[in-house]
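Please read it alongside the sequence and coordinates shown here.

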Amino acid sequence: METKPPNNNTSDDVDLGHVFNAIGRLFERLFRFIGSIFKGILAFFIFFLKVIIANIVIIAIVLGLAFAIGFFTEKVKKPVYEASMIVKPYFDSKYQLISSIDYFNSLLNEKRYDLVSDIFEISEEESQSLTKFEVKVGPETKNDLLRQYDEYLKSLDSSRANTVTYTDFVENRDIYSSELFLVTAKSRKKDIFRKLEGSIDAIFSNSYSIEQKAKRDQILKIKKETFEKDLESMDSLQSLYSNVIRKEADRGTVSVNVQGLLPMQQEKAETREFDVLIIGMRTRDSIKLLDQMEVEENSYFEVLSRFPEVGKKKSDIFSKDWFMYPAFAFIGLC
C-alpha cells in the first residue's frame with residue numbers, strides 16, 4: 001500500500017498568516033495612536049480659536065491698551081546702551097572675573113550705587129546709569145576647539161582618552177573652559193564705558209593669580225637654571241672632544257712592531273661630539289621656549305578688544321516695552 005508523505009505547506013501558510021496579521025494590527029494601532037495625537041492637537045487649536053473669537057473684543061482692547069502703555073513708556077524712558085570687550089585671562093584669574101561680574105550685578109540690583117561708584121571711581125550719578133554687566137564665552141573658531149580638545153586628551157590616560165569624543169567634549173564645556181571672555185556693560189549713558197575699564201582690569205590681579213604667577217615664575221627659573229648648567233657641562237664636554245681630536249690630528253698615526261709581529265696601529269679615541277652638539281642645540285631651544293613663555297604670559301590678562309568710546313543702542317525686541325507689555329497681557333488673558 002502506497003503512503004503519501006505529510007504535507008506541511010498548509011501549516012506553514014497558517015503560521016505566516018498569523019505573523020502578517022499581527023504585524024498589520026501593530027501598524028494599525030500605531031497609525032491610530034498617531035492620528036489621535038494629531039486630532040488632539042487640532043481639537044485644542046479649534047477650542048483655542050473659539051475662545052479667542054468669542055472674546056475678540058476684550059482681547060483687542062487689552063492688547064491695544066498694553067501696546068499703547070508700552071509705546072509710551074518706551075518713548076519716555078532713556079535708551080540702554082551696551083559695549084563689550086574681549087579679554088584673555090591668565091593664571092586662573094577667570095574665576096575672579098566671573099565672580100566679580102556677579103558681585104557688580106548684585107550691587108546694582110540692591111541699588112548700592114555708593115559702592116559701585118567707589119569700585120569704578122565714577123560719580124554716583126554715573127553709577128546709577130549702569131543697568132547690568134554680563135560675561136560670556138568669547139569668540140571661538142572650530143580650530144580653537146580642536147586644539148583645546150587635543151590638549152584635553154593629552155591630559156588624560158590612554159584608556160580614558162579613547163572614550164571621549166569631540167562631540168562629548170564640546171557639549172560638556174562650560175564658561176570656565178573658555179580661554180576668551182566677552183565682558184559686556186549696559187548703561188543709560190552712552191559714553192561711560194571707557195571709565196569702567198580700569199576697575200575691570202584690576203579684577204585679574206588678585207591674590208590667587210599673583211600667587212599662581214609667582215609659582216610659574218619660580219618654576220621657569222628653576223628649569224632655566226637647570227638647562228643652563230646642563231649646557232655648561234655639554235660645552236665643556238664638547239671642548240674636551242675637540243681637544244682630543246686636535247691632538248690626534250697633530251700626533252698622526254703611530255705604528256709599533258713587536259718582535260716581528262704585525263705592526264700595531266694606535267686606536268683612534270672614540271668621541272661623540274655630534275651627539276653632544278645635538279643635545280646642546282635642543283637645550284638651547286628649551287631655554288628659548290622658556291624665555292618666550294615668560295614674555296608671552298608676563299601679565300595677568302590680555303585685552304583683545306577694549307570698550308569703544310560710545311556704546312551702541314540696544315535694539316533687542318525682548319527689551320521693547322511695546323512688545324513685552326502686550327505679550328504679558330496676552331499670557332494673562334490665556
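K195 and E126 form a salt bridge through their side chains, at 2.6 Å from N to O; a salt bridge here is a side-chain nitrogen of Lys or Arg within 4 Å of a carboxyl oxygen of Asp or Glu. The pair ties together parts that are 69 residues apart in sequence, because K195 lies in the loop between β3 and α9 while E126 belongs to helix α5 (residues 124-129). Helices (H or I, at least four residues) and strands (E, at least two) are DSSP runs, numbered from the N terminus. E126 is buried at a relative accessible area of 14%, whereas K195 is partly exposed at 44%. Buried means under 20% relative accessible area, exposed over 50% and partly exposed in between, with a 1.4 Å probe and protein chains only.

The model is predicted: local features need pLDDT of at least 70, side-chain atom pairs count only at pLDDT 80 or more, and totals for chains, interfaces and linings use all residues. Residues are numbered from 1 along each chain as its sequence is written, and side-chain values use heavy atoms, with hydrogens and water left out.

**Other charge pairs**

The whole structure holds 17 salt bridges. Among them is the pair of E179 and R147, with N to O at 3.2 Å. E179 has 26% relative accessibility and counts as partly exposed, and R147 is partly exposed at 34%.

D217 and K213 make a salt bridge with their closest N and O atoms 3.1 Å apart. Both lie in helix α10 (residues 207-251), 4 residues apart, which is about one turn of the helix. K213 counts as buried at 12% relative accessibility, while D217 is partly exposed at 24%.

| Salt bridge | N to O distance |
|---|---|
| K195 and E126 | 2.6 Å |
| E179 and R147 | 3.2 Å |
| D217 and K213 | 3.1 Å |

A network of salt bridges links R194, E197, D201, R306 and E309.

Which side chain of opposite charge is nearest to E82, a buried residue with no salt bridge? It is K186, 4.2 Å away; Lys and Arg count as positive and Asp and Glu as negative, with His and the chain ends not counted. E82 sits in strand β1 (residues 81-89). Apart from neighbours within four places in sequence, E82 is in contact with T184, A185, K186, F193, G311, K312 and K314, where contact means heavy atoms within 4.5 Å.

**Aromatic pairs**

Rings of Phe, Tyr and Trp (its six-membered ring) pair if their centres lie within 6.5 Å; planes under 30 degrees apart count as stacked, over 60 as edge-to-face and the rest as tilted. By this rule there are 18 aromatic pairs. F27 and F31 form a tilted one, at 6.2 Å centre to centre and 35° between the planes. They are 4 residues apart in helix α1 (residues 9-54), about one helical turn. F27 is partly exposed, at a relative accessible area of 44%, and F31 counts as exposed at 55%.

Y149 and F169 are also tilted, with ring centres 5.5 Å apart and planes at 55°. Here the pair links distant parts of the chain, 20 residues apart: Y149 in helix α6 (residues 142-154) and F169 in helix α8 (residues 166-171). Y149 is buried at 15% relative accessible area, and F169 counts as buried at 11%. F67, F71, W322 and F323 make up one aromatic cluster.

**Nonpolar core and totals**

A nonpolar core is a set of buried Ala, Val, Leu, Ile, Met, Phe, Trp, Tyr and Cys residues joined through side-chain atoms within 4.5 Å. The largest has 31 residues, of which L97, F133 and L196 touch the most other members. Elements giving two or more residues to this core are β1, α3 (94-109), α4 (113-120), β2 (130-137), β3 (181-187) and α9 (197-203). The largest share, 6 residues, comes from α3. Leaving out residues up to four places away in sequence, F133 touches I101, F104, N105, L108, F120, T184, A185 and L196.

The protein chain has 12 helices and 7 strands. Of its 334 residues, 25% are buried. Among contacts with a separation of 6 or more, 82% are between residues 24 or more positions apart.
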